[in-house]
Amino acid sequence: MCRPHCPLLLALLLLLSCPRADGSALRGRIIGGHEAQPHSHPYMAYLKVGHSACGGFLVASDWVMTAAHCLLGNITVILGAHEIYQPEQSQQVRGVLRYHPHPAYNPDTLANDIMLLKLTAKAKLNKYVRTVELPKSSSYLPTGTSCTIAGWGLIDKDQITDKLFETKVSIYSRRKCILFYPHLDDGMVCAGSFHELKDSSQGDSGGPLVCNKVAQGVVSFGYDSPPGVYARIANYLPWIKQIMRK
């Protein structure tokens, strides 16, 4: 990911020269967040992709949603985890039967950065493993809506955690966000902290942006300073329903 440490003017200049996004570098981090209460996000999925990893989330007992840029190889899905490298009894491991990246996904611009994974077997739903609700309509979220992001990524520049971390962010106005990202389209939504720049970094790529208990976005890309960009799930409801009906 192109994530320069820079003020707004430098960020705008770098937008003109930002290299092609490399999915393996798009793993974000929760900076300024804190360890989540164990299993307080039972929809979270940890995706092992070779020597890399992404986040994801359970949207049906046999479907996981994540970012299209996470398709870097065969994916193994781990559900019900808190300490990802510990042999927790709550964990369920599933393979992926079919990969469904959005057909219009563009790896250069990260437009339509959303993907559905059909699991090899249904998850056993319990207090550790649950689905998260998706939007009911294609409407935009109001600016300032409070949301939560979570992930197992870096929690500082060089500090790795095997525990799930979380932080709160707020929805940015599209008018302000387009100053950072001129290529912003209807399939993208911006969110971050309005107060501390260090608070706005994202969780693992592919993880959910959850607002009022509904998954509204998929962690996609951004700079170290706010806001981050998420695939806007509400924009893709017809495609999601079509794929899951199959």
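Biologist: How many disulfides does the count come to?

Modeller: Bear in mind that this is a predicted model. A pair of cysteine sulfur atoms has to lie within 2.5 Å to qualify. By this rule the count comes to three disulfides.

Biologist: Which pattern do the disulfides of the protein chain follow?

Modeller: Let's take the pairs in turn. Cys54 is joined to Cys70, Cys147 to Cys211, and Cys177 to Cys190. With bonded cysteines counted along the chain, the pattern is 1-2, 3-6, 4-5.

Biologist: Is the link of Cys147 and Cys211 left-handed or right-handed?

Modeller: The S to S distance here is 2.1 Å. This pair links distant parts of the chain, with Cys147 in strand S9 and Cys211 in strand S12, 64 residues apart. Both Cys147 and Cys211 are buried. At 100 degrees about the S-S bond, the link of Cys147 and Cys211 is right-handed.

Biologist: And what is the angle about the S-S bond for Cys177 and Cys190?

Modeller: The sulfur atoms of Cys177 and Cys190 sit 1.7 Å apart. Cys177 belongs to helix H2 and Cys190 to strand S11, 13 residues apart. Their link is left-handed, with an angle of -70 degrees.

Biologist: On to the rings: why is the pair of Tyr46 and Trp152 edge-to-face?

Modeller: Planes over 60 degrees apart count as edge-to-face. The ring centres of Tyr46 and Trp152 are 5.5 Å apart and the planes stand at 90 degrees, so the pair is edge-to-face.

Biologist: How many residues apart are Tyr46 and Trp152?

Modeller: Tyr46 is in strand S2, while Trp152 is in the loop between strand S9 and strand S10. Both Tyr46 and Trp152 are buried. The pair links distant parts of the chain, 106 residues apart.

Biologist: Which residues do ring pairs link into a cluster?

Modeller: Start with Tyr181 and Phe221: their planes are at 90 degrees and their ring centres 5.5 Å apart, so that pair is edge-to-face. Tyr181 is buried at 1% relative accessible area, and Phe221 is buried at 9%. The cluster linked by ring pairs is Phe180, Tyr181 and Phe221.

Biologist: Last one: which residues lie nearest the centre of the second largest pocket?

Modeller: About 150 Å³ of space lies in that pocket. Strands S2 and S3 each supply at least two residues of its lining, and the lining divides into five nonpolar, three polar and two charged residues. Of the 10 lining residues, those nearest the centre are Tyr46, Lys48, Ser52, Ala53 and Tyr85.

Notes:
Residues numbered from 1 in each chain as written. Predicted model: local features only at pLDDT ≥ 70, side-chain atom pairs only at ≥ 80, totals over all residues. Heavy atoms only, no water. 1 Å grid on protein atoms, 1.4 Å probe; cavity = no way out; pocket = protein on both sides within 12 Å on 5 of 7 lines; lining within 4 Å. Points joined across faces, edges and corners; volume = space filled by probe spheres on them. Helix = DSSP H or I, 4+ residues; strand = E, 2+ residues; numbered from the N terminus. Nonpolar A, V, L, I, M, F, W, Y, C, P; charged D, E, K, R; others polar. Phe/Tyr/Trp six-rings, centres within 6.5 Å; stacked < 30°, edge-to-face > 60°. Buried < 20%, exposed > 50% of the residue type's maximum accessible area, 1.4 Å probe, protein only.
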